[in-house]
Each structure stands twice: as C-alpha cells, then as structure tokens.
Amino acid sequence: MNKPFVEFSNLTIEYPSRDGPVVALAGVDLAFSAGDFVCIVGPSGCGKTTLMQTLAGFLAPTRGRVALAGKPITGPGPDRGVVFQQPALFPWMTVSENAGFGPMVRGLRRERREKVEYYLKLVGLWDFRNRYPYQLSGGMQQRLAIVRALVNDPKVLLMDEPFGALDALTREKMQEELHSVWRRTSMTVVFITHSVEEAVYLGTDVVVMSPRPGRILERLCVDFSRRTGERDDIRSIKASPEFVATREHVLGLIWASAD
Amino acid sequence: MTEARAITQGRSRLPEWAITGVSVAVLIVAWVVATDGGFVDDLFMPSPSSLWSGFMDLVVDGYKSRTIWEHAGLSLERVLAGFVTGAIAGTVIGLAMGYNRVVEACFSPFVEFLRPLPQLAYLVLLIVWFGIGETAQIILLFLTAFPVSAIAAMDGVKSVSRQRVQVARSLGASDWQIFRFVVFPSALPEIFTGARLAIGVVYATLIAAEIIAGSTGLGWVILDAGRFLRSDYVFVGILAIGLMGLSLDYMLVAIEHRIVHWAGRY
C-alpha cells in the first residue's frame, strides 16, 4: 500500500460512565488509501459508529490519533461529508436549498448552482427541487442527504448505516447509485453497515470489528464492486460461489466473536 | 389519523361544520326558550332582545363615557403591547438560555420563579411602583408572557436534533450559521406553541389588570357592570372578549401554519 490517506493509529476511545470508563475502541490501527471504499461491519455496540464519529471530528480520541492526508483531525470539516441512517435534512428548506447547504454556508455561490443541479439530476430529484423534504419518500430523502454531502465535494464520505432504514428494493437501487457516483469520482468512502452482504458487495475493503471493546478482527480486500456493470451482473455476482464464500467467511467471524 | 377519520365518517355522514352549527343552534334555542319563555329572570340571563339593546347602548352611548369599541380597542392594545414585547423578549432570552449554559444559569432562577407565580401576587407591587394606569398593566402582561415564551424557546433549542447540527457543522457552517440556519428554525415550532400558550395567559391576566389597575377596557366593563347588576352589559362584554380571544388565536395559528408548515411532518 502506498502512503495512507486515512490513518487510525492506536486509537482508543473511552466514555466516562457511573461504573468507570467504558472502552468503546481499544487500540485500533487502520489505514487506507485515497479512493478506497471501506466497509466496516460488526455486531451492534462494536464501536463502528464511534470510529466514524472520530474520523468526522465529532469525538476526540482518548489515546492515539486519527489523521487525514497526514494531518491530525481536530474537528468536523467540509473535507469530510457525513450521512446518517436518518436523513437529518433541514425540513424548513426546499430540496435544492438542502442540497446546496454546504456551498451556501461557505459562500460558494456559483458552485452551489452548478453542483446542486448536477447531483439532483443525477439522482432524479431535479423535478422535486422546489418541494420540501416531508413531501419526499424515505428513499428520496436519503438520496437528498447523500446529495447534500456530495455537493460539498468532500474528500471522504462517511456513511453510518445510510440504507438501514430503507426497504430491500430501494436499498439495492441506492447501493447502485452510490457505487456509480463513487466510480466517477476519486472520493474515499467509509461505509458502516450491519449487512455483511452489502459490505462485501460494495467495498474494496471490508473491515470486521469485534464486540466491545472494539478491535479489528480482520481486514479483507475484495473486488466484487469493480466487476459490475449491468444490473444482471449484480445478481449473478451476489450468487457467485466466490461472493458467497466471502460473505460466509465474514459472517463466521462475526458469529465467532459474539460467543 | 386518516384511518381514524375514515371510521368516524363511516358512522356519520354530517360534515363537522354542520354538527358544530347544530350544536350552537341548540344552545341558542335553549337560551331563547329559557329567557323569552320566562323561565329565567333577566338579571341572571338576559333575553336576546335585552342583550341586543344592551349592545346598542354600549355602541351608541358607551359605558362610562367610552363606547364598547373604545374599551375593546384599549384591551386589544394592552394585550398586544404586553404579549408582543413579552414574547419577543422571552424568546430572545430563551434562545440564549438554550444555547449557552452560562446564560441559562444566570436567568433560569428568575424565569422559573416567575412562571408559576400568580400574576395578581405581584400586581400590587407594580401598582406601588408605577401607579394605577397603562404602565403597570402592560408591565404585568409583559411579565406574564415573558417566562412562558422563554421556557418554550429554551426547550426548543435543547431539543434540536444533534445529527442535524453535526451535519451542518461538517458541511462547514460556523457557530452563528448553525444558530441561524439550523437551531433557530428547529426551535420555531416550540416558539409558536409557547406564543399561543402565552397569549392565553396574557388574556386571562388582562381582566385582572384592568379590574385592579385601571378603569377602562372590556375586563373592567364586565366587572363594573356586574357591580350594578347589569347582566346584559356583562354578557356583551364576555361575548366581545371571547370573540376577540378566538380571533387572536386564529391569527396566531394562521401565521404558524404559514411559517412552520413543515412542523411535525418529517
């Protein structure tokens, strides 16, 4: 691997609690390059979200460090876009105002218009640009949350179970859309999910974490996502023996760690 | 909501407004029968005709040198002056209290103490300080609206979704931009709820203010006429004050629907 773009070194996060400190992450070492699509899987409470929150700059490390392009992270910033499971849109703003929030607060007027139009058209929300979020379906709301992050041109897109609240069909469609956006850009994606299938299918790297205190159990390099083109391919890839074997391997790791 | 509505519609075909109309009509008929039929003395309950003549008296001759419109106008002025200043000041302080723990620690003892305090308890003091008249009354109404609005705004700020703030911050928003574009709009529905509560309490307090610290206004007319057993004037006054309160609330609701049309719908 060449020079790491994102680097966690000996990252430990402890929360204070009444019964003494709770260790959420215990000495995590992890590095990846620009353009990687890193999927993080693990049982509930394994610290996946904590890991993401630290990279986003919402949480400071108790020990160790997190660096982006060699610089330690000191707080949230527009180089890292975030998408949560809940779209967390601004309901008092129209679709296009939501999409353009980043450039708006940063005073980038021209980028705002161009990028908003480009991304809203890309995900099929352009006709809804003057609507309000409550007038959109759940899938459309989440698309808008992703567009809002993309319009800001982040170097890293941090996604915490972004498709967890969607129905299976919408979820697969959104996986495709996200994937085609990622292929078009040089963006690095950190994608947290409960779904092992989603992780193995989407990622260039799959990171498997243990239950609390969170550690990294294994890191796999996969390339199923690079093989796709047509929708038929997707179904056959997910049914291929190689894919199934990888998926079962990861599931096995998680089951074993939960015992 | 839609399902519940579908069930009620299945049982009764009458639209809601028609049911309301029938209910009001029944009351009016009962009133006419009771009074014009001679079952109830005019002193306890004026008949429609004596209510109407009482109303015309108040419009043409007025009550104690002022027409009913003038009394109503004075009451409305007081309500608006006290409510608008109190609600705005309360909202500003409440937003600051919700946003900053130092401000909260400074103001919360006063706001918390003032809120449950019966207004009449400190009206006496206001009269001692400012004398009988407009100043004491408007300050009383200001102090009534203030804590209600302050607590609503503070709760509004505190219940802002953390993820929304995190998203805004990671998109590059400054502290002030987060307040202006995320926290303040998030708190608006609660601010409006607080305003409606506040105007209700202000309205109730108005009567006390006018009775004790004034000699004009609808509240004063009602009490003064009551002392002379003019129940026709009392009823006109009650109807007027009730309709005025209803219209004020409708106006607030209309503004609320326009500004926070998205509230509770995401």
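In which helix of chain A is A:Thr246 found? A:Thr246 is found in helix 9 (residues 241–258) of chain A, and the views below include this residue.

This is a predicted model, in which local features need pLDDT of at least 70 and side-chain atom pairs count only at pLDDT 80 or more, while totals for chains, interfaces and linings use all residues. Residues are numbered from 1 along each chain as its sequence is written, chains are lettered from A and ligands numbered from 1 in the order in which they are written, and side-chain values use heavy atoms, with hydrogens and water left out.

View 1. Helices (H or I, at least four residues) and strands (E, at least two) are DSSP runs, numbered from the N terminus. A:Thr246 has 15% relative accessibility and counts as buried. Buried means under 20% relative accessible area and exposed means over 50%, with partly exposed in between (1.4 Å probe, protein chains only). Leaving aside residues up to four places away in sequence, A:Thr246 touches A:Val200, A:Leu220, A:Val222 and A:Phe224. Contact here means heavy atoms within 4.5 Å.

**View 2. The interface of chain B and chain A.** On the side of chain B, 19 residues are in contact with 25 residues of chain A. The two chains bury about 2,100 Å² between them, and 70% of this lies on carbon and sulfur atoms. Buried area is the accessible area (1.4 Å probe) that two parts lose on being put together, summed over both. B:Ser170, B:Leu171 and B:Phe181 supply 30% of the area that chain B buries against chain A, more than any other three residues. Helix 8 (162–170) and helix 9 (175–213) of chain B are the elements that give two or more residues to the side of chain B that touches chain A. Helix 8 of chain B has the largest share of that side, seven residues. By type, the residues of this side are nine nonpolar, seven polar and three charged. In this division Ala, Val, Leu, Ile, Met, Phe, Trp, Tyr, Cys and Pro count as nonpolar, Asp, Glu, Lys and Arg as charged, and the others, Gly among them, as polar.

**View 3. Polar contacts between chain B and chain A.** Five residue pairs are in polar contact between the two chains, both residues being at pLDDT 80 or more. A polar contact is a pair of N or O atoms within 3.5 Å; within protein, one must be able to donate a hydrogen and the other to accept it, and residues adjacent in sequence count only if both atoms are side-chain atoms. Zero salt bridges are found across this interface. A salt bridge is a side-chain nitrogen of Lys or Arg within 4 Å of a carboxyl oxygen of Asp or Glu.

**View 4. The largest nonpolar core.** This core has 56 residues, and those with the most contacts inside it are A:Phe8, A:Leu51, A:Phe101 and B:Val182. Helix 9 of chain B gives the most to this core, with nine residues. A nonpolar core is a set of buried Ala, Val, Leu, Ile, Met, Phe, Trp, Tyr and Cys residues joined through side-chain atoms within 4.5 Å. A:Leu51 touches A:Phe8, A:Leu11, A:Leu25, A:Val28, A:Leu30, A:Ile40 and A:Met209, not counting residues up to four places away in sequence. Another core, of 48 residues, lies apart from the largest one, and A:Ala145, A:Leu166, A:Val196 and A:Leu253 are among its residues.

**View 5. Salt bridges within the chains.** Over all chains the structure holds 19 salt bridges. One of them joins the side chains of A:Arg219 and A:Asp205 (2.9 Å, N to O). A:Arg219 lies in strand 10 (residues 216–221) and A:Asp205 in strand 9 (residues 205–209) of chain A, so the pair ties together parts that are 14 residues apart in sequence. A:Arg219 is partly exposed at 28% relative accessibility, whereas A:Asp205 is buried at 4%. A:Glu172, A:Glu197, A:Lys238, A:Arg247 and A:Glu248 are linked in a network of salt bridges. In chain B, B:Asp175 forms a salt bridge with B:Arg169, with the closest N and O atoms 3.0 Å apart.

View 6. A cis peptide bond, with omega about 0°, joins A:Arg212 and A:Pro213.
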